[in-house]
Amino acid sequence: MKLSMWILADWLWKYNPIIYIKDGVQTLRGVRLYTADMVMERQNVYLGRAQDFIGSGGDGVICVHEHDMMLLDTNDIEHVFNEVLSAFDFYNRWYDDMVDSINAGCSLQKLVDDTHTILDEPILVYDSSYKVLAYSNAFKTELQTTWKGLLSGSNNLLNKMISLKPGLQKNDKIKSAYIANFPEMSNRSTWVNLFSFKRYLGQIVVVEYKHKITDGRLHICATLAHLIEYWIRFNDEQTEQKVESTIFTNLLEDKHLLKEEVNQQMALLNWHETDMKVIAKIFLFDSSPDVHQKIVDDVENHLHDCYTIFHEFSAAIIGNTSLISMEEIEKELKHILMENCCCCGVSFQFTNIMNLKLYYEQADIALKYGNPNAGSINYCSDYIMKYLLNVIKTNSKTAIIHPALYILKRYDDSNKSELYNTLYQYLLHERNLVKTAEILSIHRNSLLYRIKKIRELVDVDIDNPFLRQYLLISFQLLGRYYEQM
């Protein structure tokens with residue numbers, strides 16, 4: 001969760017902060033101690049002694065973020081630093097726990113109740129038809145007495161909203177948290193509209209009951225709204241994609257599924273057992289709920305016959321390449337990756353959906369060994385050899401390099417020749433004399449001489465296809481690491 005100077009001002013209230021906040025946006029992810037030679041970054045708040053900023057005579061500790069600052073009535077900068085760290089820990093723990101609960105399928109009521117430690121105020125959540133979806137159990141009595149009209153929902157609430165419309169200022173268009181103070185109500189309240197991108201979902205109301213509304217609390221209400229938006233999208237029964245993709249999640253999680261059961265589910269998607277399929281694993285540089293939903297929506301809108309699931313803190317896209325071409329998948333996937341600052345690994349194409357977990361691991365291999373830059377699509381076919389060589393290096397407990405390579409390398413070192421690289425290029429280019437000579441920038445006759453010399457030095461039958469494979473693997477394993485062997 002990103003904090004703001006307003007949230008920190010509330011957290012540091014005991015230091016009687018003198019506040020000079022102009023922007024106060026929620027961009028803060030960390031805290032640093034100020035030094036004169038440092039380059040300030042937008043995601044950090046900086047702490048320093050007042051005298052470091054305003055010269056001699058300054059007293060207290062200053063918190064600075066871009067054009068915003070607070071002067072605290074204390075000189076104990078270490079204690080303030082620890083307090084700010086605690087703020088980040090406290091809010092991040094709450095936010096992460098909420099996201100984990102949503103992903104685990106919690107109820108909206110639990111989500112609202114788990115906000116009690118953060119806001120400790122009566123909370124109500126409505127959908128777009130003003131139906132009450134959840135409200136704070138801890139303040140049930142207070143809500144039933146002072147906010148009975150809002151709790152009733154539907155027609156009564158709709159009539160109430162109509163009467164309040166001038167004060168709500170076209171309430172279904174406002175995208176930030178705002179304060180409402182209606183003469184008809186006994187308490188002020190914070191209102192935040194809920195959206196799924198441009199679609200209006202409803203709103204939450206946080207009643208001012210125990211704590212005065214501050215700009216910091218408005219920011220926390222807005223964060224809660226984002227979490228509830230994520231919950232609504234995650235649990236929307238109208239989203240068929242979530243229901244349909246459950247079978248893929250179960251396959252990846254090693255649920256014990258019968259092949260007949262899986263085939264029935266595939267038939268509902270119009271997928272056949274013999275269809276070619278592919279899976280891409282996406283690495284998310286930003287794994288916030290908004291990014292998750294953006295990817296789901298992008299796939300749903302641009303990649304037909306493809307489904308998105310979230311597994312092991314990553315997103316996975318499963319596509320049927322018998323229904324949508326691999327070229328189209330690549331084109332749209334590239335756009336999705338660039339839009340969401342992601343990269344991905346792609347498996348080999350396959351038919352047996354029961355082996356989905358194996359192909360997911362292929363995509364993972366491509367992701368681990370491929371290009372990590374945003375927008376890159378890495379194919380398992382390009383990196384599987386690198387993976388296999390690493391497996392051999394990691395697990396082999398005996399000498400497996402063909403001894404001919406050591407002989408050639410020692411000869412090169414003593415005679416300043418290039419027989420080692422010559423044999424490698426000759427095998428790599430399938431014993432094509434013209435290509436090999438071109439790569440080595442030597443005459444064909446010189447190449448023939450080198451090959452003759454190699455045959456004299458080492459007893460290898462280059463015409464044996466299995467030996468050629470063994471030699472190439474040995475070259476790959478030894479490669480540039482020869483000097484370290």
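The loop between β4 (61-65) and β5 (68-72) contains E66; helices (H or I, at least four residues) and strands (E, at least two) are DSSP runs, numbered from the N terminus. The model is predicted, so local features need pLDDT of at least 70 and side-chain atom pairs count only at pLDDT 80 or more, while totals for chains, interfaces and linings use all residues. Residues are numbered from 1 along each chain as its sequence is written, and side-chain values use heavy atoms, with hydrogens and water left out.

E66 is not a glycine, yet its phi is positive, at about 50°. With a relative accessible area of 44%, E66 is partly exposed; buried means under 20% relative accessible area, exposed over 50%, and partly exposed in between (1.4 Å probe, protein chains only). A positive phi, near 50°, is also found at K416, a residue other than glycine. K416 is placed in the loop between α17 (403-415) and α18, and its relative accessible area of 78% makes it exposed.

Helix α18 (residues 419-428) packs against helix α20 (residues 444-457) at an angle of about 105°, and the two axes are 10 Å apart. The arrangement of α18 and α20 is therefore roughly perpendicular. Axes are lines fitted to C-alpha atoms, for helices over the stretch in contact, and angles run from 0 to 180 degrees between N-to-C directions. Angles under 35 degrees count as roughly parallel, over 145 as roughly antiparallel, 65 to 115 as roughly perpendicular and the rest as oblique. On the α18 side the contact (heavy atoms within 4.5 Å) involves L419, T422, L423 and Y426, which meet L447, R450, I451, K453, I454 and L457 of α20. By class, the residues of this contact are seven nonpolar, one polar and two charged. Ala, Val, Leu, Ile, Met, Phe, Trp, Tyr, Cys and Pro count as nonpolar, Asp, Glu, Lys and Arg as charged, and the others, Gly among them, as polar.

Ten aromatic pairs are present in the structure. Rings of Phe, Tyr and Trp (its six-membered ring) pair if their centres lie within 6.5 Å; planes under 30 degrees apart count as stacked, over 60 as edge-to-face and the rest as tilted. One of the pairs joins W11 and F90, with ring centres 5.4 Å apart and planes at 40°, so this pair is tilted. Because W11 lies in helix α1 (residues 5-11) and F90 in helix α3 (residues 77-103), the pair ties together parts that are 79 residues apart in sequence. W11 is partly exposed at 24% relative accessibility, and F90 is partly exposed at 27%. The pair of F248 and Y307 is tilted, since the ring centres are 5.9 Å apart and the planes stand at 35°. Here F248 belongs to helix α11 (residues 246-252) and Y307 to strand β12 (residues 306-311), so parts 59 residues apart in sequence are tied together. F248 is buried at 0% relative accessibility, and Y307 is buried at 9%. One aromatic cluster consists of W11, F90 and Y91.

S189 lies in strand β9 (residues 189-196) and is buried, with a relative accessible area of 0%. The side chains of S189 and W191 are joined by a polar contact of 2.7 Å. A polar contact is a pair of N or O atoms within 3.5 Å; within protein, one must be able to donate a hydrogen and the other to accept it, and residues adjacent in sequence count only if both atoms are side-chain atoms.
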